[in-house]
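Welcome! Here is a short tour for anyone meeting this structure for the first time. Take a look at the model below, and then read on.

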Amino acid sequence: TKRAELEKAQATLMKAAEKRAKSVDGVKIEAKQKAGIDGKLFGSVSNIDVAELLVTAGHKVEKSEIRMPDGAIKSLGDYDITLAFHHEVTATISLTVIADETQ
């Protein structure tokens, strides 16, 4: 009985994770950061920044769900970021880091 309850709970978690992954998969976001002439950032873009950008775009994401195996991003460009909602459910988003031209 206990095993059946656990399997049912896992199925519910898996279904919720799949729904969240489908809603965010393929989303494109843009981060503006101050950068030098050589394209290096004065700072970095971390999983916290990515989570804030996604929440602002209307997606419910926790910073712990964002996978950045190479660490924080420290240069301008396009990046594919993986989000892990469950150990079997992932989604990929596109992040473009551009220079912030405001003074």
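A residue counts as buried when its relative accessible area is under 20%, and as exposed when that area is over 50%. Keep in mind that this is a predicted model. His 86 has 13% relative accessibility, so it counts as buried. Its place is in strand 5. The side chain of His 86 makes a polar contact with the side chain of His 87, at 3.5 Å. Leaving aside residues up to four places away in sequence, His 86 touches Gln 10, Met 14 and Ala 17.

Strand 5 also leads us to the largest pocket. Residues 77–86 make up this strand, which gives the most to the pocket lining, with four residues. Among the lining residues are Arg 67, Pro 69, Tyr 79 and Thr 82. The volume of the largest pocket is about 150 Å³. Here is how its lining divides by class:

| Class of lining residue | Number in the largest pocket |
|---|---|
| Nonpolar | six residues |
| Polar | two residues |

Now step back to the whole protein. It has two helices and six strands, and from the N terminus on the elements run α-β-β-α-β-β-β-β. How does the radius of gyration of the protein stand against that of a compact globule of 103 residues? The protein has 17 Å, whereas such a globule would be near 13 Å. Along the principal axes, the C-alpha atoms fill a box of roughly 65 × 25 × 15 Å. Of the 103 residues, 29% are buried.

How values were computed. Residues numbered from 1 in each chain as written. Predicted model: local features only at pLDDT ≥ 70, side-chain atom pairs only at ≥ 80, totals over all residues. Heavy atoms only, no water. 1 Å grid on protein atoms, 1.4 Å probe; cavity = no way out; pocket = protein on both sides within 12 Å on 5 of 7 lines; lining within 4 Å. Points joined across faces, edges and corners; volume = space filled by probe spheres on them. Nonpolar A, V, L, I, M, F, W, Y, C, P; charged D, E, K, R; others polar. Buried < 20%, exposed > 50% of the residue type's maximum accessible area, 1.4 Å probe, protein only. Polar contact = N/O pair within 3.5 Å; in protein donor to acceptor, adjacent residues only side chain to side chain. Contact = heavy atoms within 4.5 Å. Rg over C-alpha atoms; globule rule 2.2 N^0.38 Å.
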